[in-house]
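Dear colleague,

Please find the structure below.

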Amino acid sequence: MPDIAVPALPLIPSLSAITTGRTVRASTWSDMANLGNLAIGAGSVLVPETVLTSTLTTSVDTYRFRAKTRLAGKHRLWCFTFNDNPGNADGEFEIVINGGTPVIITIPPGSIQTYRILEEVSVPALADTELVFTIQRATGSSALNLSVTVFELPRATIDTATEAAVDVSALRPRGPIYDGATLPLVSLATDVTLGRRTGMFHWAVPSRRAGAPITTFARSNSTTTFADVLDLGVPMLARARYRGETTRTLRARFYGWVSVGTATLEVQVFTSRLAATSATVTTSSTTPVWLTELDFTVDCEDLSTSDGLQSATFDLVDVKFRRTGGAGTAYITNISIFEN
Amino acid sequence: MAESQYGAFLRFDSTQLSDNDPCDTDLVRIVRNNMLHAVDTHGSVLVEWMTHGVTSVYTASGATNEYKRAYFSGPLLIRRKADGTPYPLRVQLAANVVSGSCTFRIVVTCGAPAFWEADARLNDGACASATTSSTSSIWLTLDKTLIQLPRERIVDRRSTGKIGDVDVTTATVAVFLTYTGSFSGRVAGVYAAEYCGL
């Protein structure tokens, strides 16, 4: 099947070209098809830049995220930004992404460097996908800050067979437009998941060191009272889909465990604007695991306002956790929130 | 601003465009609207992080009227509108001071990163500021929540043939600290997301 070019910019089909009593021209159909192809191939942020606050050591530390990867996500770009302290020695780090080939990075002292690592995805999928990397300091100082962002790169071309591209050549001027040629476009126009926000918030500290569970960086709670995972609630606005909508459902995933199998880790989400507490998800695993997904409701953007906020107020999302039952301690090391 | 006519998806019966059906212009307008809204709302969250009981991340201190960079992001994937300008970013900043007061300025640049003090002194609309004396972390009330990215440089990287010769536009977000007296402060959280509304 043909590969279809993805435009670099959205082409705006003229509204006046779609007028009652006049034939809709092929160029207008073509512009709309290009919009659809752009929505598919525009690239997508899986992990908004997040700061990893744990100290990097000579052990292998594992960081995990979950995001909604897409069919068109053939290449992921992982960007690691190191902020070193002046006076430190050179630092050498080994990074492994999703079990791939190790990449060695050298950080000169006092430098701010971003290193881009390209990951080729063998079988892109529309799925709630785990993204994992390990990092190990080989030499030098560990006194630096590290942040990471991951995005699916925009595509130059997409195909009609597996990626639902619209064949623009079937909509060319002065050629016949068969009714079947517009069907892929209609399919896209009814697919409200196009443009989903594939990654909205992540927090991660190492859950394993040298392969073994580690509690050094985890948030812990030995009480049966809910405690906040983060210092403050984080701003969250979902995208607006239909007119009049004020809220949307997002999906949260958590990674945690308990020290004693008779205890349970319980996690819930509180949203400030709606003053709403979500349902809870739990685990009694004594080794780190992803808890089952938790869907919760937040404000969506109000596109009639200057900044998208409803009532000029950010909806802040607090993640809370506690231990219930038995004794011991509940641990949590990862939060991922995205539009499912 | 949003390019779609209604700023939202409109529901319609897709079977109306089946074989042998006449094509209604109202229906075509809905298709147009929905495609534009899909592209508009593709806007992504580019930066979002928050500390968790850690006190030493991204601190800076300095003397009167100096600008010190405290936080600097990696490259962020941004998208452009039909006229080539990037979508504006909605921003928010959490911070605290060690003592006294401190002004925090969040700066967004396209292409070349906001690295130098001169970048922090820019007054071209691509920054937002707030002053606080809070010693515990709070979300600041910035003088604006929407930052329009500069338009002079919209494409900074042409990727290799290996990944498809596609233009990738990136931006960076930085946070600088300053004050009319000596200052010492800490960045506790940053949020930046593309917005397609008004």
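Buried area is the accessible area (1.4 Å probe) that two parts lose on being put together, summed over both. Between chain A and chain B this area is about 7200 Å², and carbon and sulfur atoms give 65% of it. On the side of chain A, A:Glu49, A:Leu232 and A:Leu303 lose the most area to chain B, together 9% of what that side buries.

The model is predicted: local features need pLDDT of at least 70, side-chain atom pairs count only at pLDDT 80 or more, and totals for chains, interfaces and linings use all residues. Residues are numbered from 1 along each chain as its sequence is written, chains are lettered from A in the order in which they are written, and side-chain values use heavy atoms, with hydrogens and water left out.

In terms of contact (heavy atoms within 4.5 Å), 93 residues of chain A meet 78 residues of chain B. One salt bridge (a side-chain nitrogen of Lys or Arg within 4 Å of a carboxyl oxygen of Asp or Glu) is counted between the two chains. The side chains of A:Glu301 and B:Arg90 form a salt bridge, at 3.0 Å from N to O.

Aromatic rings of Phe, Tyr and Trp (its six-membered ring) pair if their centres lie within 6.5 Å; planes under 30 degrees apart count as stacked, over 60 as edge-to-face and the rest as tilted. Over all chains there are 14 such pairs. The rings of A:Tyr242 and B:Phe9 are edge-to-face, because their planes stand at 65°, with centres 6.4 Å apart.

Yours sincerely
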